[in-house]
Amino acid sequence: MRIGVFVCQCGTNIAGTVATDKVAEAALSMRDVLHAETLQYTCSDPGQRAIIDAVQKKGLTRVVIAACSPRMHETTFRRTIGQAGMNAYMMEMVNIREHCSWIHSDIDIATDKAIDLVQKGVARVRRQVPLYSTTVPVTRRVLVIGGGVAGIQAALDIADSGLPVTLVERGPTIGGNMARLDKTFPTLDCSSCILTPRMVEAKQHENIRLMVNAEIEQVRGYIGNFEVDVRKKATCVIEDKCTGCMICQEKCPGKAPDEFNAGVGQSKAISIPFPQAVPMVAALRKEYCRQFINGKCGVCKKVCPADAVDYEQVDEITTEMFGAVVVATGYELYDWREAYPDYGGGQYPDVVTSLQYERMLSASGPTAGHVQRPSDGAEPKQVVFVSCVGSRDESVGRPLCCSVGCMYIAKQAILTKEHIPDSQSYVFYIDIRATGKGYEEFTRRAQKEFGAIYLRGRVGKIYPSNGQLVVMGTDTLSGGPVEIEADLVVLATGFSAARGAGELARKLNISYDQYEFLSESHPKLRPVETTTGGIFLAGACQAPKDIPDSVAQASAAAAKVIGLLSRGEIETSPMVAAVDQLRCIGCFKCRDVCPYNAIEALELRDGRQVAKVIDTLCQGCGVCNVACPPSVVSLKGYTDNQLIAETMELLR
Amino acid sequence: MAELKLIGFLCNWCSYAGADMAGTARMKQPGELRIIRLPCTGRVNPLLILKAFQQGADGVLVSGCHPGDCHYNEGNYYARRRLELLSRMLPAFGIEPERFHFTWVSASEGARWADVVTQFTRKIEAMGKMSGAEQGTPPAKASCEAGVGAPDEQTGSEDAVPA
Amino acid sequence: MNDDSRKVSAAINAPAAAEPGRNAYSYFPGCSLTGSAGEYDASFRLTSEALGIRLDEISDWNCCGASPAPHHWSGNLGVLLPARNLHIAGDGHEAMVAPCAGCYNRLKNAQHELTGSEELREQAARVLEEPVRYEIEILNLVELFAREVSPEALAERVQGRLAGLNLATYYGCLLTRPAKIMNFDNHRNPVSMKPLLRATGAQSDHFPFKSECCGSYMGLAKKEIVLRASRRVIEVAAGLGFDAIVTACPLCHQNLDLRQGQINKAFGTSLDMPVLYYSQVLGLALGLGSDDLGIDAHAISARKLLAKIGKGAGGPAAATSLKPEANQSTPASIGTIPAAGS
């Protein structure tokens with residue numbers, strides 16, 4: 001056995017705290033190690049070439065690389081030794097950066113630890129055997145979850161490549177939050193004008209199947225072959241028959257909150273969210289419908305000229321196979337009411353959220369673009385914007401930046417002036433974060449051209465007085481308290497993950513953070529991948545972001561999906577369980593514990609029943625390995641012998 | 001006092017990634033713990049933990065995905081059941097159950113991981129080394145070999161040395 | 001003062017009444033309640049009695065430590081003085097009540113500091129010449145009533161006597177901050193007074209200035225600060241149409257009530273906002289006399305407000321107590337309305 005050890009310095013990332021020379025020297029005295037060297041950047045081209053050279057010149061049969069986390073570069077180095085002519089699995093990575101040099105400052109402690117870890121790696125690789133992956137065919141169909149701008153973009157890009165896409169949207173229309181915006185920063189493009197053509201395109205695309213009022217029920221399977229149950233919720237409207245004439249909505253006597261308009265204005269129990277909705281199909285909300293509450297009404301059914309209303313409709317679950325999934329579930333506004341009693345906690349009608357204000361500004365909104373304050377319908381002259389409500393505020397447990405508030409406040413201040421020329425806007429801000437292209441210039445324009453007065457400080461209190469609202473804040477630049485009598489206060493509320501994001505993440509088996517934003521696989525190098533192969537992220541479901549970033553990420557996710565499915569088949573990990581059938585006693589405890597039904601019974605010629613692992617189903621968790629009474633089920637790459645050897649080596 | 005020997009068995013998907021994150025964020029931690037990576041805590045054989053104690057580990061930490069978040073759906077539930085039982089059995093082997101700790105750290109909980117390591121190390125520091133370990137006599141005589149066997153010194157296939 | 005009114009005695013909270021001693025509290029009045037805030041003390045004792053709560057005044061209590069002198073003289077005196085009070089309050093009681101927000105705040109802080117410092121505990125033991133007992137539960141007046149009186153039972157008993165009033169609840173700072181140590185109510189939006197006030201039949205709308213600063217003891221050093229701060233509180237309450245401000249802090253009361261005239265003089269305003277103690281309001285609701293409750297002792301007259309109570313009283317039973325300050329001769333029994341007679 002001929003083992004080579006390569007110790008990465010990673011510039012000073014490792015060498016700054018770990019004496020890499022000493023580690024390499026110590027490695028040379030370990031059993032079967034006949035080559036050890038330090039490399040400045042092992043992952044670089046010269047670094048990889050050095051490994052290949054050493055393997056070929058010294059006839060190495062196993063390699064230990066002490067460098068960064070295997071989660072970072074294991075695949076890189078497997079490829080490297082593959083190029084050197086070795087089996088890709090005859091390599092062990094030892095993490096002396098994230099788990100060593102970066103968390104210690106004492107060189108002796110870090111070096112000792114690094115040597116221990118290399119020793120562990122050597123012990124482990126000595127017991128490694130060559131492994132060979134197999135391939136499985138993939139389903140060349142893609143699921144996109146969420147029909148906002150990110151989901152639409154991903155769906156269109158993927159569909160354009162020729163792959164069929166199913167776009168699942170929870171609400172009655174695609175378009176997401178962007179459809180609710182009046183204008184977009186920093187160009188003041190009309191949001192609808194740029195979005196609705198894309199919505200229509202998604203609807204008409206021959207490779208896209210749109211499923212609205214639908215949610216993901218359950219997900220099984222793996223990269224290349226996900227089996228997904230989708231629940232199509234009953235809306236009491238037959239989608240194929242509805243022509244979108246809106247007569248039902250007009251005649252419906254049941255009032256309902258207007259969700260599309262963020263609660264500004266009212267809607268009906270049966271309605272189409274907005275005139276540009278896609279698909280243009282009505283949906284009925286049973287909780288507001290007289291037919292369901294009182295048991296009698298039936299107006300919509302009577303007036304529908306297409307006979308599309310069906311009160312008996314029930315939820316339907318369809319099951320489909322997909323090769324890859326793009327999650328684009330977006331965001332919703334942070335519900336500020338509980339956390340901010342100082343701003344009235346929702347009691348003052350003239351304290352509105354930015355999205356409500358957006359609807360008030362929008363020509364397609366409930367006030368047809370005339371800004372009217374909710375309490376009395378008067379046109380506000382003094383408008384105060386409060387930034388960072390539920391963002392950058394540790395006292396309410398929301399330290400994160402919403403990343404778009406500064407920009408949309410500037411936009412809304414500009415639009416306010418355009419709508420009401422004799423109005424005055426005030427903006428309370430902490431910092432102006434305007435990092436995108438043309439963004440800084442835009443916030444300057446709001447101040448210089450549109451006269452918005454920017455005050456640097458937080459707002460402490462809002463209270464009603466003489467039909468107005470008094471906004472008490474500080475101006476930290478002039479160093480004193482400020483009070484403004486406002487007709488309307490707009491809170492720049494931060495982003496929350498979409499309701500149920502965490503639950504969906506659990507169904508998909510992907511990670512999420514404490515705010516239920518979904519986690520990317522690596523913040524720099526794998527920003528659209530998740531930790532689960534075949535599932536990708538797009539848009540604000542990952543973190544608050546603006547439209548250009550969401551669209552860019554959606555296209556990136558689409559590129560990843562197209563790349564994945566272009567091959568038609570994918571390699572499976574060879575690190576799966578295997579049964580020593582000669583010693584198997586046929587108790588099938590392994591089959592009982594397997595989460596994937598990847599173990600079946602096999603009858604040997606002598607009639608004995610033994611366990612057999614179905615390689616393509618096994619995901620390599622190793623639960624069966626532990627359950628096996630005679631220890632004959634073994635997880636390749638993580639065998640009992642390897643783990644015991646590692647443990648014993650560390651305790652020598 | 002001789003240096004403490006602490007072993008951590010971490011699942012690849014949550015806790016190992018969480019430990020990576022703690023490293024990326026340069027969260028300083030005590031230096032005694034050595035991490036062994038596994039696909040899942042469901043792969044942790046309780047006998048392996050006994051083996052570690054038998055070989056002189058002063059503390060063993062197992063960390064996986066939070067309940068409900070397991071990459072393999074239910075591996076951590078198996079681990080929870082197995083390790084809970086193990087922890088109750090430890091006194092029978094003369095091992096204080098406090099030396100064994102089973103917890104959950106997700107991939108985004110770097111700070112929590114640093115905290116877990118620090119707390120655990122401090123706790124074992126306060127308890128001191130396993131009695132008898134310094135004299136080289138393993139504290140527990142329980143035979144682990146019955147279940148998992150001694151590690152082979154030589155693996156099945158001898159490598160073909162390229163010419 | 002009418003002696004009979006003192007006989008009004010009934011536990012509203014039945015289970016507590018059933019167990020004697022359960023609703024007995026060690027009472028720490030502090031200097032304000034024995035001096036400038038005598039009416040707070042009187043109304044608290046009367047109301048408590050009417051609600052079946054027994055108060056046992058700590059004998060030989062001393063300064064709570066909150067006054068600037070001991071507080072600044074030596075850092076430890078601010079802990080050791082309250083430590084002695086905590087020590088002696090525990091005799092036969094599981095909980096103590098300190099109606100003055102300043103006392104309450106200092107006692108809680110001292111308890112917190114004693115819990116965290118063995119050194120302080122040792123110092124206290126040296127002073128006391130025995131190991132200090134400091135674990136007694138410390139309640140403020142709002143907390144005590146919230147615990148001992150159920151809104152439903154109170155509503156049943158008072159039959160909406162205070163209907164027609166809109167009362168602004170004012171908590172100030174000392175009752176709730178620092179939040180982690182006081183551990184009482186939501187410091188950003190305290191609401192503990194509201195359920196009982198509403199049970200009296202009064203309205204108690206959201207008062208946005210409920211935890212704003214009144215100016216505190218800056219009245220001694222820089223009076224303008226107090227005048228400006230308190231003016232705000234009163235003006236906002238007046239602007240929102242409140243009939244009175246309800247407080248549970250003698251210093252807040254002093255700044256809002258006693259200095260209201262100074263405010264009017266300094267700013268040329270004509271504020272006329274009664275400021276009542278929480279215990280006085282509950283006493284009024286229970287039909288106790290306004291002079292017994294010391295309401296007449298305030299600088300700002302509550303006459304208009306008291307007149308409103310007459311009109312607001314609803315229901316046939318309450319109608320008999322049109323003049324709450326009238327001599328009362330019949331003590332109430334459990335669950336009944338104190339009958340008014342004259």
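User: What makes A:V142 and A:F536 count as being in contact with A:V326?

Analyst: Neighbours within four places in sequence left aside, A:V326 is in contact with A:V142, A:V144, A:A154, A:F536, A:A538, A:A557 and A:V561. Two residues are in contact if their C-beta atoms, placed from the backbone, lie within 7 Å; each listed residue therefore meets this limit with A:V326. The model is predicted: local features need pLDDT of at least 70 and side-chain atom pairs pLDDT 80 or more, whereas totals for chains, interfaces and linings use all residues. Residues are numbered from 1 along each chain as its sequence is written, while chains are lettered from A and ligands numbered from 1 in the order in which they are written.

User: Why is the set that includes A:V326 and C:V246 called a nonpolar core?

Analyst: A nonpolar core is a set of buried Ala, Val, Leu, Ile, Met, Phe, Trp, Tyr and Cys residues joined through C-beta atoms within 7 Å, and buried means that 20 or more other C-beta atoms lie within 10 Å of the residue's own (exposed: 12 or fewer; partly exposed: in between). The largest such set has 237 residues, and A:V326 and C:V246 are among those with the most contacts inside it. Apart from it lies another core of 122 residues, including A:L39 and B:V60.

User: What makes strand 2 and strand 4 of chain B edge strands?

Analyst: Helices (H or I, at least four residues) and strands (E, at least two) are DSSP runs, numbered from the N terminus; chain B has 5 helices and 4 strands, in the pattern β-α-β-α-β-α-β-α-α. The 4 strands form an open sheet in the order 2-1-3-4, with parallel pairing. Strand 2 (33–38) and strand 4 (100–104) each have a single partner strand, so one side of each lacks a neighbour in the sheet.

User: Why are strand 1 and strand 3 of chain B said to pair?

Analyst: Pairing requires at least two DSSP bridges, and 5 bridges join strand 1 (residues 6–11) to strand 3 (residues 59–64); the two strands therefore pair. In strand 3, B:L61 is the bridge partner of B:G8.

User: Which domains make up the division of chain C?

Analyst: An automatic or database assignment sets the bounds, giving domain 1 (4–141) and domain 2 (151–319) of chain C. In chain C, 29 residues of domain 1 are in contact with 29 residues of domain 2. Helix 3 of chain C gives the most to the domain 1 side, with 9 residues.
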